[in-house]
Amino acid sequence: MCKSNTYKTDILIIGGGTAGCFCALTLAENSDLKVIIAEKAGIKRSGCLAAGINAINAYINPGETPESFVKYVKKDSEQVIREDLVYSIAKRLNKVTEKVEQLGLPILKDDKGNYVKRGKRSIKINGENIKPILAGAVENQPNITIINKVNITDYIVRDAKVSGACGFSPETGEFITIYAKKTVCATGGAAGLYKPNNPNQSRHKMWYSPFNAGAGYAMGIRAGAEMTSFEMRFIALRCKDTIAPTGTVAQGVKVPQINNKGEEYVHKYGKPNTHIRLYATVQENKSGNGPCYLKTKGITKDQQKELFKAYLNMAPSNTLKWLENNSGPAFENIEIEGTEPYITGGHAGSGYWVDINRKTTLENLYAIGDVAGGSPKKYVTGCFAEGEIAAESIIRELAGPNLCTGPAAKNQGEFMCSHLQQHFDAKYSPYPAEKIEQKLQETMDKYAGGISEYYEYSKNKLDTAKNELQELFNLTNRLKAEDFHELMLIREVIDRLYVAKVLIEHLLARKETRWRCYQENADFPDKDDKNWLRYVNSKYENGEVKIIFRNLIGKDELYEHSN
Amino acid sequence: MSIQIDKNKCISCGKCRNICPGSLICADLKEKAFIKYPEDCWGCTACIKECPTRAIKFYLEEDIGGNGGHLYTSQEEKGCLVWHLVDRFGKEEVIKINRRESSKY
């Protein structure tokens with residue numbers, strides 16, 4: 001048995017990314033509560049923003065209002081959103097943006113000191129250093145303890161009450177248990193469920209962080225938390241090969257998408273919202289009009305120079321590719337393609353079913369950022385807002401009569417850690433975790449609507465995927481870990497399997513096609529507003545995913561968990 | 001190879017190992033850094049920005065259009081991040097970015 005270490009704190013935040021750091025900072029600045037951030041990597045460059053970001057994409061520019069923001073998200077996401085949650089984010093977007101500017105984020109301003117608009121709801125920044133800026137602010141707070149390089153694997157939970165979490169540290173070789181009065185899940189969403197665009201040497205050169213393996217979702221699923229809208233997958237439209245952002249060019253330089261004949265094609269497929277721009281590209285390829293491009297040929301040398309810089313600030317591989325091939329966007333159009341599907345509540349709606357304070361259906365557990373469902377298009381500033389909302393709720397609860405009487409389940413964390421030990425004790429296993437992950441990705445690609453299937457799926461195919469997944473589950477128990485890095489890889493593939501299992505049930509449950517590409521149900525290829533203006537939710541109980549349908553919640557409704 | 005670490009330039013400071021979001025960089029018996037899981041690299045270049053001796057280079061694999069070039073960064077002036085983009089013939093393009101200045105797009 002390996003060494004173990006136990007911590008006690010007021011608040012445990014799992015994941016030191018955008019949402020987690022902002023939540024910790026709000027707690028530290030407004031209370032004396034003790035906070036632990038448990039981070040899988042190092043918070044200075046962990047998570048989705050490791051390389052930087054290109055813009056603030058959720059901001060209320062002059063002429064827009066929180067109400068118009070909700071309307072936009074509702075329309076772009078085909079009406080099935082939690083308006084109450086999106087509204088609560090919208091009202092805070094500008095305040096959190098100012099806060100992060102004070103912390104040191106450079107935002108472009110005009111002569112009068114106003115932020116320069118990039119689009120209706122976006123502003124221009126230098127986001128290369130955003131993670132070190134956030135990490136620096138968090139590190140300065142004496143009440144925040146950061147534990148880097150710790151892999152949290154499960155909540156400590158009994159009778160639907162969470163009293164912390166446990167995991168292990170590859171750095172120290174210890175099993176770790178952290179007891180807390182309140183636990184905040186801020187791990188980020190799930191990449192690596194589907195076969196990626198470039199499955200060989202560059203398999204991890206993907207849109208979302210490949211190190212976001214869906215642990216936050218999987219822990220919640222296993223603990224019986226209610227989840228929502230997993231069937232609303234997210235698929236990004238990106239530059240081919242480097243999988244770098246396209247918005248910088250499309251919105252920044254304002255160039256159109258064209259097909260191989262030079263035609264602007266998006267409008268042929270309906271109003272050009274986020275998923276229609278992707279769907280149009282996929283359909284053009286399918287019908288022989290591909291490849292598709294962003295029409296950059298002919299932009300000025302100055303514009304090209306600024307694009308070189310903009311990409312270095314968020315996706316440096318794209319600038320390298322241009323320069324090492326003695327080329328650039330002024331000389332050749334940028335080929336675009338859709339990525340593999342991801343599960344993330346920051347862009348789409350998948351995640352924990354939460355109330356207005358971001359409390360999950362498990363007592364003392366909050367979910368914020370990409371793991372919190374129902375509020376698509378929250379992006380970075382929306383994650384900040386959710387961190388702040390959860391922190392304020394926690395402060396209110398812990399300031400009142402304190403109902404938490406220490407750990408609800410003493411020694412339970414230590415007991416759960418002993419489960420991890422089985423992978424060290426296992427005898428030789430013929431399949432490393434990596435191969436199981438590959439098989440999962442191939443199965444999902446082919447039978448659950450991946451790139452090779454133009455994102456379409458049917459019930460027959462999903463049933464095949466279900467069977468394959470069960471076999472992979474059976475193999476994971478016997479996986480052998482030689483060291484803690486391998487244990488991490490094993491846990492990651494197990495988490496991905498749980499997320500995939502729930503995803504398949506959600507895809508089966510929505511008998512219509514609500515979002516082009518994201519949820520392309522070949523058995524029911526049309527949108528059906530009469531029957532499907534509702535949420536598909538689920539709970540994992542006794543090894544089965546139970547589907548729950550819930551009615552839409554409006555902007556001004558106050559939703560509380562009732563069970 | 002996604003990144004390559006020059007052992008002669010590595011001073012065993014451990015910064016790249018700590019910063020890598022995938023914990024992919026390890027130390028050899030002489031405490032020199034090496035990338036143990038190159039295919040798992042995301043390409044975020046965090047290690048390159050962190051390295052005090054410019055020992056780490058970033059490459060694109062040939063499956064996504066790399067053809068022998070590489071990049072690294074330096075911080076010659078305060079507040080500036082300097083990118084060195086080198087093609088396969090050794091021709092170097094230097095792009096200096098003031099970290100306090102916003103992107104134009």
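A salt bridge here is a side-chain nitrogen of Lys or Arg within 4 Å of a carboxyl oxygen of Asp or Glu. The views below come from a predicted model.

**View 1. A salt bridge joins Glu128(A) to Lys49(B).** The two side chains meet at 2.8 Å, N to O. Six salt bridges are found across the interface of chain A and chain B. Polar contacts there link 28 residue pairs, with both residues at pLDDT 80 or more.

**View 2. The side of chain A that touches chain B.** Four helices of chain A, α7 (247–253), α9 (301–312), α10 (316–324) and α15 (484–509), each supply at least two residues of this side. Its residues divide into 22 nonpolar, 22 polar and 16 charged.

**View 3. Chain A and chain B bury about 4,800 Å² between them.** Carbon and sulfur atoms account for 55% of that area. Gln201(A), Phe211(A) and Glu324(A) supply 15% of the area that chain A buries against chain B, more than any other three residues. In contact are 60 residues of chain A and 52 residues of chain B.

**View 4. Cys21(A) is in no disulfide.** A search of the whole structure finds zero disulfides over all chains. For Cys21(A), the nearest cysteine sulfur belongs to Cys23(A), 10 Å away. Cys21(A) is buried, at a relative accessible area of 1%.

**View 5. Cys10(B) and Cys16(B).** The closest cysteine sulfur to that of Cys10(B) is in Cys16(B), at 6.2 Å. That is too far for a bond, because a disulfide needs the sulfur atoms within 2.5 Å. Cys10(B) is buried, with a relative accessible area of 10%.

Key. Residues numbered from 1 in each chain as written. Chains lettered and ligands numbered in written order. Predicted model: local features only at pLDDT ≥ 70, side-chain atom pairs only at ≥ 80, totals over all residues. Heavy atoms only, no water. Buried < 20%, exposed > 50% of the residue type's maximum accessible area, 1.4 Å probe, protein only. Contact = heavy atoms within 4.5 Å. Buried area = accessible area lost by both parts, 1.4 Å probe. Polar contact = N/O pair within 3.5 Å; in protein donor to acceptor, adjacent residues only side chain to side chain. Nonpolar A, V, L, I, M, F, W, Y, C, P; charged D, E, K, R; others polar.
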